[in-house]
Amino acid sequence: MSPWLTVVGIGEDGFKGLGKNARRALLGASRIFGGQRQLDLLPVCIRGERQLWPSPFSLEPLLALRGEPVCVLASGDPMFFGVGASLARQLPGAEMLILPAPSSVSLAAARLGWPLQDVVTLSVVARPVAALNAHLFSGVRLLVLSNDGQSPAAIAALLRERGFGPSRLTVLEHLGGEAERRIEGAANDWSDPAIADLNLIAIECIAEPNTPRLSRLAGLPDSAFQHDGQLTKRDVRAITLARLAPIPGELLWDVGAGSGSIGIEWMRAHPSCRALAIEADEGRQALIEHNRDALGVPGLQLIRGSAPQALSGLERPDAIFIGGGVTREGVLDTCWAQLKPGGRLIANAVTLQSEVTLMAWRERHGGELTRIHVAQAQPLGEFDTWRQALPITLLDVTKPLDA
């Protein structure tokens, strides 16, 4: 079918900055959806009924008009953190015509002289600023879409807290319009000037000399996490995550999550990786909430409860890690039943009882058992000796595709 919906990207220069096809679509539209700011940019010659998005936001009023000549107005490029991306999840591409304007990110890169392919682009529009924590590395350049005029101050505070106070901030307001303005300063010296809600923040990340280096690879230092001792230790964690093998877009269940370290590092592997942390202890739930924000994955979802009961109704995972509770009746069976075909199940055991459980499970379902021994050199009088940590038995099993 021919497109009935045209999504028009409009810049700060308004209707005069639109191309011929966008103007023609707006002139012929029976209805035009958009935010108040975008609708106010239209001249009186546009006769189509102007309709604000409902609050809370919903596409239903638009989708109810399927087949009519309808336009949607969006800021800049509708497919870059915009309404076009939401519509693409609801409608076939053949029903839509997307007419983008330059995005604010493209305009910012042009103003700053930053090659766009070398920049990390993020959004804090209706999202926690804690998500920036996963991207803070000295020398990295970030372009961040702001939620409002308070976002620059919040981000400057976050940079100071995380040891990136020397970082340079450039706030760009009303890009592409007559009111365009630039405000610059270091996070350490940010004075919280009055800033328009429509702004973008460019950040040149510079770390303090003693700021910890937190790699995106598996195996963060144990000190990166707040914990009560219930933590998969660094070397074992790195091995476990290598076996879990996170792939973009996949979902992990971290069962008996403790401090949340496995789920957090799974999500740090790629921005589209998702994780559910299942934990019954209230104190550890609070640790998970702290750690997920501090390490830049506020989207990690905490499930409060004990397995297997707490697993009921959850989205089926691509991978499961069981860090505690393998001896609890029904945990392994429920996890195996809910795991997608082709998915990976990794379980770690420390006690003899949990090890016996994993051995029996392997007899029925196959997989590999690995014994992990880690020793660290520690003082013994005037000399050093090896101190052996408790050995870990790791079960690694992949669910058959026909299961």
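Visitor: Which residue in strand 4 does Ile-32 stand opposite?

Guide: Please keep in mind throughout that this is a predicted model. Strand 2, residues 31-34, runs parallel to strand 4 and is joined to it by three bridges. Within this pairing, the residue of strand 4 that stands opposite Ile-32 is Cys-71.

Visitor: Over how many bridges do strand 1 and strand 4 pair?

Guide: Strand 4 covers residues 70-75 and is mostly covered, with five of its six residues buried. Ile-10 stands opposite Ser-75 in this strand. Strand 1, which spans residues 5-10, pairs with strand 4 in the parallel sense, and the number of bridges is six.

Visitor: Against which strands do the buried residues of helix 5 pack?

Guide: In helix 5, residues 104-112, the buried residues are Val-105, Leu-107, Ala-108, Ala-109 and Leu-112. Just after the helix, Gly-113 takes a positive phi of about 75 degrees. The buried residues of helix 5 pack against strand 6 (120-123), strand 7 (141-145), strand 8 (168-173), strand 9 (181-186) and strand 10 (199-204).

Visitor: Which residues does Leu-300 contact, leaving aside its neighbours within four places in sequence?

Guide: Leu-300 is one of the residues that touch the most other members of the largest nonpolar core. With neighbours within four places in sequence set aside, its contacts are Gly-263, Ile-264, Met-267, Ala-275, Ala-277, Ile-288 and Arg-292.

Visitor: How many residues make up the other core that lies apart from this one?

Guide: The members of that other core include Leu-251, Ile-278, Leu-311 and Leu-339. The core lies apart from the largest one, and its number of residues is 25.

Visitor: Why is Val-255 counted as buried?

Guide: Val-255 belongs to strand 11, residues 251-255. Beyond residues up to four places away in sequence, Val-255 touches Ile-278, Ala-307, Leu-311, Ile-320, Phe-321, Ile-322, Gly-323, Gly-324 and Cys-335. The cut-off for buried is a relative accessible area under 20%, and Val-255 counts as buried because its value is 1%.

Visitor: What relative accessibility does Pro-246 have?

Guide: Pro-246 sits in the loop between helix 7 and strand 11. Leaving out residues up to four places away in sequence, Pro-246 touches Leu-241, Trp-266, Ala-269, Cys-273 and Arg-344. Pro-246 counts as partly exposed, with a relative accessibility of 26%.

Visitor: What volume does the second largest pocket have?

Guide: This pocket is lined by 38 residues, and Leu-231, Thr-232, Lys-233, Val-350 and Ile-392 lie nearest its centre. Its lining divides into 14 nonpolar, 18 polar and six charged residues. Helix 7, helix 8, strand 15 (344-349), strand 17 (375-380) and strand 18 (383-388) each supply at least two residues of that lining. The volume of the second largest pocket is about 780 Å³.

How values were computed. Residues numbered from 1 in each chain as written. Predicted model: local features only at pLDDT ≥ 70, side-chain atom pairs only at ≥ 80, totals over all residues. Heavy atoms only, no water. Core = buried A, V, L, I, M, F, W, Y, C linked by side-chain atoms within 4.5 Å. Buried < 20%, exposed > 50% of the residue type's maximum accessible area, 1.4 Å probe, protein only. Contact = heavy atoms within 4.5 Å. 1 Å grid on protein atoms, 1.4 Å probe; cavity = no way out; pocket = protein on both sides within 12 Å on 5 of 7 lines; lining within 4 Å. Points joined across faces, edges and corners; volume = space filled by probe spheres on them. Helix = DSSP H or I, 4+ residues; strand = E, 2+ residues; numbered from the N terminus. Nonpolar A, V, L, I, M, F, W, Y, C, P; charged D, E, K, R; others polar. Pairing = 2+ DSSP bridges.
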